[in-house]
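Work through the exercises below with the sequence and the structure side by side, and try each task before reading its solution.

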Amino acid sequence: MRLKCPLCGDRDRREFYYSGTDDYLNRPAADAPLSAWDDHLHNRTNPAGLTRDLWYHEQGCAQWLAVTRNTITHEIMAVDLVAKERAK
Amino acid sequence: MRYSGFKVITEGLFGNKGWKPAWRDAAPKAEYDAIIIGGGGHGLATAYYLAKNHGLTNIAVLEKGWLGSGNIGRNTTIVRANYFLPGNSEFYSHSLKLWEGLEADLNYNVMHSQRGLINLFHSDGQRDAFARRGNAMINQGDDAILLDREGVREHLPYLDFEQTRFPIYGGLLHPRGGSARHDAVAWGYARGADRRGVDLIQNCEVTGIDVANGKVVGVQTTRGPIKAAKVGIVVAGRSSQVAAMAGMRLPIESHILQAFVTEGLKPVINHVVSFGMGHFYISQSDKGGLVFGGDLDFYASYAARGNLPMVEHVMEAGMTLMPMIGRAKVLRSWGGIMDMSPDGSPIIDRTHVEGLYLDCGWNYGGFKAVPASGWCMAHLMATDTPHDVARRFRLDRFATGHLLDEEGTGSQHNLH
Ligand SMILES: Cc1cc2nc3c(=O)[nH]c(=O)nc-3n(C[C@H](O)[C@H](O)[C@H](O)COP(=O)(O)OP(=O)(O)OC[C@H]3O[C@@H](n4cnc5c(N)ncnc54)[C@H](O)[C@@H]3O)c2cc1C
Ligand SMILES: [Zn+2]
């Protein structure tokens, strides 16, 4: 599998560290109830099909990427810079 | 029909014409006392023990494909009881004891072979960790022997003891560990359940779970609706989808794990061996194939096939440890979908819906767990109370902090 990093181009899967679902981007507020934190840290929609998850370009530009892909076919639809989305 | 050596001989003499199908091809009834979703190892074992231990025989197993089409027929068949944490330790110990009586109990040859498991270590730190694990196993009443380098050499003379990168310091030998034939385990439980009256319904996918007033009342399937006051979800890699039918979001992420088998060779590897410095473990099947595997591909996936980097890693690790296998030709590789939990330990528990039970989170270690998981899930479904050896496999432990993180790697699904 290859990911097309917006900064570095097509790169081998081994350059990236996989962290998990992009739910991680929606962090609960510090004073949110424990159940919100539990849900955030542990529970997953875990879709069979389209998903969006976070990959770190460890051996490249050191950017966090949000990758839209299909978990059944391994097809990759989009790779976005998390920093760019955050800046919006 | 009872299977026996005598039966094999007489059938052989008369053209093997007397064998009958091992189970009926049941059609769904309108209602059962209990339904188990998923005809893998855990689902079939649950049905068997519900019938055998609790006398519940008006029950059905609903399987979307054919029996044993999931991970139960895709794993590398290692059976062991070398867990460390209270909660896991007694559960896997119970499971190994059930394995030891399984063939007689099922009247089925599951080819359980206690050939010994050796986990190698390659540093002082790893030796300490394995010595401690060995002590925990002995305290649990199971067996463990700490081998030094020469002790390992006696058992596994073919390892590369000369290499300097990952020197072999020793190994933890678990003599009662070993392997079994995975398909036979599914078939043996299926036959045992069928003989006790359980309906095994194949090509029957569950598409909905019916809940009324907080209680489960039945399921929707591709073969029509079926009523039941008790439903168990035992679907391994598909747990998130099926639990979502009852409005649940589980602490599960599905990951791919690969395995490999070579052409058949003469007996050469007598144990189950695992490398401590790379992702590689190996055993030899009774057909002669070297069966080996490594770690997850590390990203969420439902494709029953993996990616090349892990293939390369596993091959490299194998060659580092035992260069003699380099000439063997790999016949096949495949993948299975693992229900990874955040702490690497399973869940056998009630849910927020009355009568709906959950058995999942087996990660890549659910084969050895099949007997005890079935035993404890049956206990839970029949009595509505958790079995003592599975009492810590709670669904709410992530919220309460009572984690069972055997590897100590933290709350991330792909790190166990
Ligand atoms: C490559 C590999 C190597 C492994 N090695 C080992 C090992 O050495 N030792 C070990 O202990 N464990 C090992 N495991 C793990 C072990 O195989 C699994 O943890 C275990 O088999 C999972 O439980 P199961 O047998 O019930 O799952 P499965 O056999 O996957 O059963 C689940 C069943 O549910 C069915 N299902 C899903 N959705 C529905 C639905 N909606 N309706 C009806 N039916 C449905 C599926 O078709 C499937 O048959 C390995 C796994 C893999 C993939
Ligand atoms: Zn990059």
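Predicted model: local features only at pLDDT ≥ 70, side-chain atom pairs only at ≥ 80, totals over all residues.

**Exercise 1.** Find the order of the strands in the open sheet of chain B, and state which strands are its edges.

*Solution.* Begin with the general point that strands of a sheet pair through backbone hydrogen bonds, either parallel or antiparallel. Here the open sheet has three strands in the order 9-10-11 of chain B, and their pairing is antiparallel. Strand 9 (206-212) and strand 11 (226-227) of chain B are the edge strands, because each of them pairs on one side only. Next, look at the pair formed by strand 9 and strand 10 (residues 215-221) of chain B, which is joined by six bridges. Within strand 10 of chain B, Val216(B) is the residue that stands opposite Val211(B).

**Exercise 2.** Describe the largest nonpolar core, and then follow the contacts of Ile348(B).

*Solution.* The largest nonpolar core has 52 residues, and Phe91(B), Trp99(B), Tyr189(B) and Ile348(B) are those with the most contacts inside it. Several elements of chain B each supply at least two residues of this core, among them helix 3 (89-106), helix 6 (182-195) and helix 9 (370-383). If neighbours within four places in sequence are left aside, the residues in contact with Ile348(B) include Phe91(B), Trp362(B), Met377(B) and Phe393(B).

**Exercise 3.** Identify the residues that make the nonpolar surface patch of about 260 Å².

*Solution.* The patch is made by Met1(B), Val8(B) and Trp19(B). To place one of them, note that Val8(B) lies in helix 1 of chain B, which covers residues 5-13.

Conventions. Residues numbered from 1 in each chain as written. Chains lettered and ligands numbered in written order. Heavy atoms only, no water. Patch = residues over 30% accessible without salt bridge, like charges linked within 9 Å, V, L, I, M, F, W, Y side chains within 5 Å. Areas by Shrake-Rupley, 256 points an atom, 1.4 Å probe, with all protein chains shown as cover. Salt bridge = Lys/Arg side-chain N within 4 Å of Asp/Glu carboxyl O. Helix = DSSP H or I, 4+ residues; strand = E, 2+ residues; numbered from the N terminus. Pairing = 2+ DSSP bridges. Core = buried A, V, L, I, M, F, W, Y, C linked by side-chain atoms within 4.5 Å. Buried < 20%, exposed > 50% of the residue type's maximum accessible area, 1.4 Å probe, protein only. Contact = heavy atoms within 4.5 Å.
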